Amino acid sequence: DAAGASNGVAIPISVAPPVDILGPTTHEAFFGQSGTLYGFSISDPNVPNGGTVTLTAAAGSGLLTAPVTGASTVSGEGAGTLTLAGSVYDLNNDLSSLTYAGPAGASADTLTLTLNDGIAAPGTLVAQLIAGQKPLLILPGTVAALADGLTPLDGLLIRQGGTDNPS
């Protein structure tokens, strides 16, 4: 009114804390074969222990699998998009064994993880999957074992990643 008084009613507004997907934004993957994608996890402060959340994992061109643990469910097994539903605990266990099989001849792909709890805005993490190299172990032509069980390996070369050509 003209005197500056307000007859309005205060309406409390609450904003749900965001859901969170943690993990690398670049991850090595082996194309032409399957391998586990490590390092991804979720958290959700809005869902009580045991409450259900939904996680969608989508690969641009590869195939995804994840074992079902606990009371979680999975659909789309062996396809480009997986949908997992269950508790945060169970989905974190499922994520620890998320497997990706990239197409042979490819060298890159994208993995998109989206977490939805029906309360807060969905959370998304996009990871670039890049061609990795198999670990390489080159041994010398001959190895002589010593009587004490210790064997020196002169000429041993171990390389993590890199190319298959040691030169």
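What follows is a short chat about a predicted model.

Reader: What should I know before starting?
Author: This is a predicted model: local features need pLDDT of at least 70, side-chain atom pairs count only at pLDDT 80 or more, and totals for chains, interfaces and linings use all residues. Residues are numbered from 1 along each chain as its sequence is written, and side-chain values use heavy atoms, with hydrogens and water left out.

Reader: What order do the strands of the open sheet have?
Author: The order is β2-β11-β10-β5-β8-β7, six strands with mixed pairing. Strands are DSSP runs of E, at least two residues, and helices are runs of H or I, at least four, numbered from the N terminus. Two strands pair if DSSP finds at least two bridges between them.

Reader: Which are the edge strands?
Author: β2 (26-29) and β7 (73-75). Each pairs on one side only.

Reader: How many bridges join β5 to β10?
Author: Six, and the two strands run antiparallel. A59 stands opposite L111 in β10.

Reader: New topic. How many aromatic pairs are there?
Author: One. F31 and Y100 are edge-to-face, 5.9 Å centre to centre with 85° between the planes. Rings of Phe, Tyr and Trp (its six-membered ring) pair if their centres lie within 6.5 Å; planes under 30 degrees apart count as stacked, over 60 as edge-to-face and the rest as tilted.

Reader: Where do F31 and Y100 lie?
Author: F31 lies in the loop between β2 and β3 (34-36), and Y100 in strand β9 (residues 99-101), so the pair ties together parts 69 residues apart in sequence.

Reader: Is Y100 buried or exposed?
Author: Y100 is buried, with a relative accessible area of 1%. Buried means under 20%, exposed over 50%, partly exposed in between (1.4 Å probe, protein chains only). F31 is buried too, at 16%.
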